[in-house]
Amino acid sequence: MNDYSINLYLDLLKRCLLDEIYRDGSITHGVEEPYNPAARAEGRDWPRSAHTMVGRLRLDHLEKCLQSVLEENIAGDVIEAGVWRGGAAIFMRGVLKANQSIDRVVWAADSFQGLPEPDSERFPADAGDRHHAAPELAVSLDEVQSNFERYGLLDNGVRFLPGWFHETLPEAPIKKLSLIRLDGDMYESTWVALEALYDKLSPGGYLIVDDYGAVRACRKAVEDFRAKHGIEEPIETIDWTGAFWRKRLA
Ligand SMILES: C[S@@+](CC[C@H](N)C(=O)[O-])C[C@H]1O[C@@H](n2cnc3c(N)ncnc32)[C@H](O)[C@@H]1O
């Protein structure tokens, strides 16, 4: 495929993943709303049918990061920790496949049963967190694999890590990463993923945090981790909640 065809494919992929085509509404924290293009663009809603709650702005940014990884030969696989229906991970697989990248795996880590109950003794910032009580956030492994399959993207380039992050991520057989996408909402989920994965991120690789603006506890986990490890690369914002930094090139 030439660049023009790749761009056309990726644009259509985003339109499908975001439900910009059929435009079903949303059920955010149990509140039903008709399709709202602004909310979808910014990923502010919990869509009824879309395969990702990440909005257009964050998918566009994810595409740019992946293109940079490919063009600059930043070594390593990519991972999303917190995949829900799979949409952002499906998109990553689509970008890699369209670019005929054969050696990079997309890792998809999730409990596939929603968020954990807060462990406020170990992670006080999560006290009172109610994400675990939202049944909309629990999507099974079967359903996520079926979603990959519907896009023709369930293949050897995708590996699933089912289970709680603290059980799966430290032991995952991942050697190197070029991009880490964290979308686990809570302090624990963000902290555990950073501790398990950041050392594997190549210089020039991207660390993306979906909930940096939306969830105070997530933001605190990122700030605590950066302070503990003396990370000085500036955090840049993607939209109202998404943020990222690029690991310094050696
Ligand atoms: C907001 S959703 C992710 C949205 C998704 N990235 C998308 O493209 O729409 C959060 C996901 O993180 C998972 N999750 C959060 N904390 C977790 C943990 N500690 N261990 C395993 N899964 C976790 C939940 O099961 C849920 O699927």
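**Exercise 1.** Which residues does Val-105 touch, not counting residues up to four places away in sequence?

*Solution.* The model is predicted: local features need pLDDT of at least 70, side-chain atom pairs count only at pLDDT 80 or more, and totals for chains, interfaces and linings use all residues. Residues are numbered from 1 along each chain as its sequence is written.

Step 1. Take two residues as in contact if their C-beta atoms, placed from the backbone, lie within 7 Å. With residues up to four places away in sequence left out, Val-105 touches Asp-77, Gly-157 and Arg-159.

Step 2. Val-105 sits in the loop between helix H4 (87-98) and strand E4 (106-110); helices (H or I, at least four residues) and strands (E, at least two) are DSSP runs, numbered from the N terminus.

**Exercise 2.** Determine whether Val-105 is buried, partly exposed or exposed.

*Solution.* Step 1. A residue is buried if 20 or more other C-beta atoms lie within 10 Å of its own, exposed if 12 or fewer, and partly exposed in between, with C-beta atoms placed from the backbone.

Step 1. Val-105 is partly exposed because 19 other C-beta atoms lie within 10 Å.

**Exercise 3.** Describe the burial and pairing of strand E3 (residues 77-81).

*Solution.* Step 1. Five of the five residues of E3 are buried.

Step 1. Sort them by direction: Asp-77, Ile-79 and Ala-81 point one way, and Val-78 and Glu-80 the other way.

Step 2. Find the partners; two strands pair if DSSP finds at least two bridges between them. E3 pairs with strand E6 in the parallel sense over five bridges, and Glu-80 has Arg-181 as its bridge partner in E6. E3 also pairs with E4 in the parallel sense, over four bridges; there, the bridge partner of Ile-79 is Trp-107.

**Exercise 4.** Show how the buried residues of helix H3 (residues 56-71) are arranged, and name what they pack against.

*Solution.* Step 1. List them: Arg-58, Leu-59, Leu-62, Cys-65, Leu-66 and Val-69.

Step 1. Seen down the axis of H3, these buried residues fall within an arc of 120° (taken from the directions from the helix axis to the C-beta atoms), so they line one face of the helix.

Step 2. The face turned away from the buried side carries the exposed residues Lys-64 and Glu-71.

Step 3. The buried residues of H3 pack against helix H1 (3-17), H4, strand E6 (177-182) and strand E7 (201-209).
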